[in-house]
Amino acid sequence: EPEVTQTPSHQVTQMGQEVILRCVPISNHLYFYWYRQILGQKVEFLVSFYNNEISEKSEIFDDQFSVERPDGSNFTLKIRSTKLEDSAMYFCASSESLAPYEQYFGPGTRLTVT
Amino acid sequence: ILNVEQSPQSLHVQEGDSTNFTCSFPSSNFYALHWYRWETAKSPEALFVMTLNGDEKKKGRISATLNTKEGYSYLYIKGSQPEDSATYLCAFYSSNTGKLIFGQGTTLQVKP
């Protein structure tokens, strides 16, 4: 069964460094998403992406964040200058279309900022 | 601010028990309600996507109901098994935000 993959599974970085989190969505899906979950808190929407453009973003998704689909398969989340509070589990998801279509999630990347 | 609440936060049951939990969401601008099952160290997996008031969906021993007028959904597990142990997340999709808003999840532990 097709699945969403994410790399790396765990990333440790120092405050102020740039990180790129990578995702390979399911191949025939058209909508892509990033979510994060800070330990002990709810899963939070960051951004959705369709047709090579951001379609929605949350107030969390400020100028420090960017997304890209550099080729036909990868979908990346870049954090330019990481802060301690960026430490979280980051999930990528993809779907054939918008809700009510289900979203398929990757296993997450745990980002630790020291 | 759109808020989605789930209760209880955690639940411990014996194998064979039936159980249910609740997801409360805003009753206005409803578009869809998603249920996900999330096992530790795995990807959240979609169980149901519900769109119509009165919808009932079933997958094996798991079923869900939806009341959009009062803003709640119930998830039922009949005859719980240890492999049902997971966190169950609901997420609300409103017609005017274009994003999924998650509840905090209900963590179910089923003891053999």
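This is a predicted model: local features need pLDDT of at least 70, side-chain atom pairs count only at pLDDT 80 or more; totals for chains, interfaces and linings use all residues.
Residues are numbered from 1 along each chain as its sequence is written, and chains are lettered from A in the order in which they are written. Local features need pLDDT of at least 70, side-chain atom pairs count only at pLDDT 80 or more, totals for chains, interfaces and linings use all residues, and side-chain values use heavy atoms, without hydrogens and water.

**Exercise 1.** Find the order of the strands in the open sheet of chain A.

Solution. 
- Strands are DSSP runs (E, at least two residues), numbered from the N terminus.
- Two strands pair if DSSP finds at least two bridges between them.
- The 4 strands run in the order β1-β3-β8-β7, with antiparallel pairing.
- At the edges stand β1 (5-7) and β7 (65-68) of chain A, each pairing on one side only.

**Exercise 2.** Examine the pairing of β3 and β8 in chain A.

Solution. 
- Take β3 (residues 19-24) and β8 (residues 75-79) of chain A: they pair in the antiparallel sense over 5 bridges.
- Look across from A:R22: A:T76 in β8(A) stands opposite.

**Exercise 3.** Decide whether A:S66 is buried or exposed, and list its contacts.

Solution. 
- Locate A:S66 in strand β7 of chain A.
- Its relative accessible area is 19%, so A:S66 is buried (under 20%; exposed is over 50%, partly exposed in between; 1.4 Å probe, protein chains only).
- Contact means heavy atoms within 4.5 Å.
- Leaving out residues up to four places away in sequence, A:S66 touches A:F61, A:T76, A:L77, A:K78 and A:R80.
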